[in-house]
Amino acid sequence: MDPDRIPASFPAPSYRGNQREALDAIRDAFAAGNDAVLVRAPTGSGKSLLARAIAGAARTPEEAEPAEATGAYYTTPQVSQLDDVAADDLLSDLNVIRGKRNYTCILPDETTTPVDRAPCVRESGYDCSVKHRCPYYADRAIASNRAIAAMTLAYFMQTAGSEVFGKRDVVVVDEAHGLSEWAEMYATVDLRPRTVPVWEDVGVPDVSSADNPMDRTARFAETLAGVCERAAEDLAASPELTAAEAARRDRLQDLRSELNWFVSDYRDPTSTTTWVVDQPDGEGTPITIKPLDPGRYLHHTVWDRGTKFALLSATILDKEAFCRGVGLDPSNVALVDVPHTFPLENRPLYDVTQGKMTYEHRDETLPKVARLLVRLLARHPDEKGIVHCHSYAIQERLADRLDDFGVSARVRSHDRERRDAALEEWQATDDPDVFLSVKMEEALDLRGDLARWQVLCKAPYLNTSDSRVARRLEEGQWAWYYRVALRTVIQAAGRVVRAPDDYGVTYLADSSLLDLFDRARSNMPDWFADAVDGMSRPDLPEFDPAAALDGTDATPGARPERRTKSTGRSGSQTQSRTASDGPSDDGADDHPLSDVWGE
């Protein structure tokens, strides 16, 4: 890597805000010999442009000795972030590759078949006559042979050990604040009928009641891996498979790899990973095997993939804690802080707290929050807003209350199946509607009139019944617990203010948020602390459902047909499929990161 090339590799014709100063600081941090640089850059800093400049400093083939790595990777956990990169003309030399399921076969009679279920996957020895034109293999060939390959973090991790995507000189991870949690989720082994094709062929023991639950789990995992291997071999021996059989084979092979990784790591006396297991319902029921401190896993999937690393986010709140969580040596890591350039008056926080939204207080507080939303609708008669509900249970109860109040003509929501479509429809409408959302605190760009106000309904604490969270709290890691919640709040606060001349209001409805700010104060970036210090209670209109509908043609209780228009986008601001889900505080199948998981 040549750090001096970083400023010259900036792709935009001019700088905005503190970009030039940030590039100089990043250059100096790498020039000082650091292996990794954390770039803490708030919303609107142009992190993707900074990322491109860093990638441009990678060693070129002409400069390299035969054994030296060249080129760069750009990766992000967020599917929407990758979509934005692909659509940005300034980033056209970031060559995007996605997982096979995102491409469609071009063979006749297969034009609706994803590439991961195409004849080349189903038939042994299949010689595809159009492989050179296959969209997946074409994108893969381009990305593997160009200076900068761009992909989701999920695909990046899945290609660890790949001959196609080997080690490169520079790895840039955008939106890197949740890297430890992503690794924990990706390395989790979820065993249940839906994920284990041979579930009926094995006897699932009661591992939780064993003298050593983890040892019993490892022995069962070895047995299950053997069953998966034999079943996959039987399928692989068939000259032709149906799409369903190919899917079963692939899942068996993936599961075998997951199980073998767990057993290998668990039995390795040098591994620093702590494993925990959940099986709340005993013999014959699902088992979830979860890692803590996945540094070894990240070494295999991320740190062994590059020479130098840049990790960008607005919410890497504590350098030492972040490095510990991802397996980096803090002495070889520098932190570059990029100041915020958005005027404080354009991004105010307002205290409209109605009480605690914890489970035991929710029945009392939630009706007050619903009435608050009616008042906020009246305060913003001509402006769209978004409510971060935290869970589907809260979302549903708020929607029912607002329906009872007769203001549903201005209310939209979504379920798990239609979250992307519902979000796009709301973004497209000219109506001043409020969107009741779940897990959209990150990777959502609501610039300009897409949303002028938002509400945080609940302090986004992790679920304490999750075994990983419980284990950490048993060890006294409360600072981590508050830091993760604060990180989500700061991410959410950036959804409705996206540029220095943009403006939007964030309302805090849960009094637990104020307690969180006190407990996590030492981890706040200065620019967010300024917003907290400037927080006030606004004057709101009285509760009046008719006033809440002043910006529409509706009257209280009316339910007119929704009017939408085409966005011309393909989900660029949405989050995507889930890879694995965990429980929410309401018992829902709703992992905190699942809704932004990529391929």
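**A walk through a predicted structure**

The cover over the buried residues of helix α19 includes β11 (349–351), α17 (478–493) and α18 (512–519). The model is predicted, so local features need pLDDT of at least 70 and side-chain atom pairs count only at pLDDT 80 or more, while totals for chains, interfaces and linings use all residues. Residues are numbered from 1 along each chain as its sequence is written, and side-chain values use heavy atoms, with hydrogens and water left out.

Helix α19 spans residues 526–533, and its buried residues are Trp-527, Phe-528, Ala-529, Ala-531 and Val-532. Here, buried means under 20% relative accessible area, exposed over 50%, and partly exposed in between, with a 1.4 Å probe and protein chains only. Helices (H or I, at least four residues) and strands (E, at least two) are DSSP runs, numbered from the N terminus.

On the side of α2, the contact is made by Gln-19, Ala-22, Leu-23, Ile-26 and Phe-30, and on the side of α3 by Leu-49, Leu-50, Ala-53 and Ile-54. Contact means heavy atoms within 4.5 Å. Eight of these residues are nonpolar, one is polar and none is charged; Ala, Val, Leu, Ile, Met, Phe, Trp, Tyr, Cys and Pro count as nonpolar, Asp, Glu, Lys and Arg as charged, and the others, Gly among them, as polar.

Attention now turns to a sheet. Three strands form an open, antiparallel sheet in the order β6-β8-β7; two strands pair if DSSP finds at least two bridges between them. Because β6 (189–191) and β7 (274–278) stand at the edges with a single partner strand each, one side of each is left without a neighbour in the sheet. Five bridges join β7 to β8 (residues 287–292), and Trp-275 stands opposite Pro-291 in β8. Helix α9 (residues 213–236) packs on the sheet, touching β6, β7 and β8, and its direction makes about 80° with that of β7. Helix α10 (residues 243–267) also lies across β6, β7 and β8, running at about 120° to β6.

Finally, the cysteines may be considered. A search of the whole structure finds zero disulfides, a disulfide being a pair of cysteine sulfur atoms within 2.5 Å. The sulfur of Cys-128 is 6.1 Å from its closest cysteine sulfur, in Cys-120, and therefore too far for a bond. For Cys-457, the closest cysteine sulfur is in Cys-389 at 4.9 Å, also too far for a bond. Cys-457 counts as buried because its relative accessibility is 0%.

How values were computed: Axes fitted to C-alpha atoms, helices over the stretch in contact; angles between N-to-C directions.
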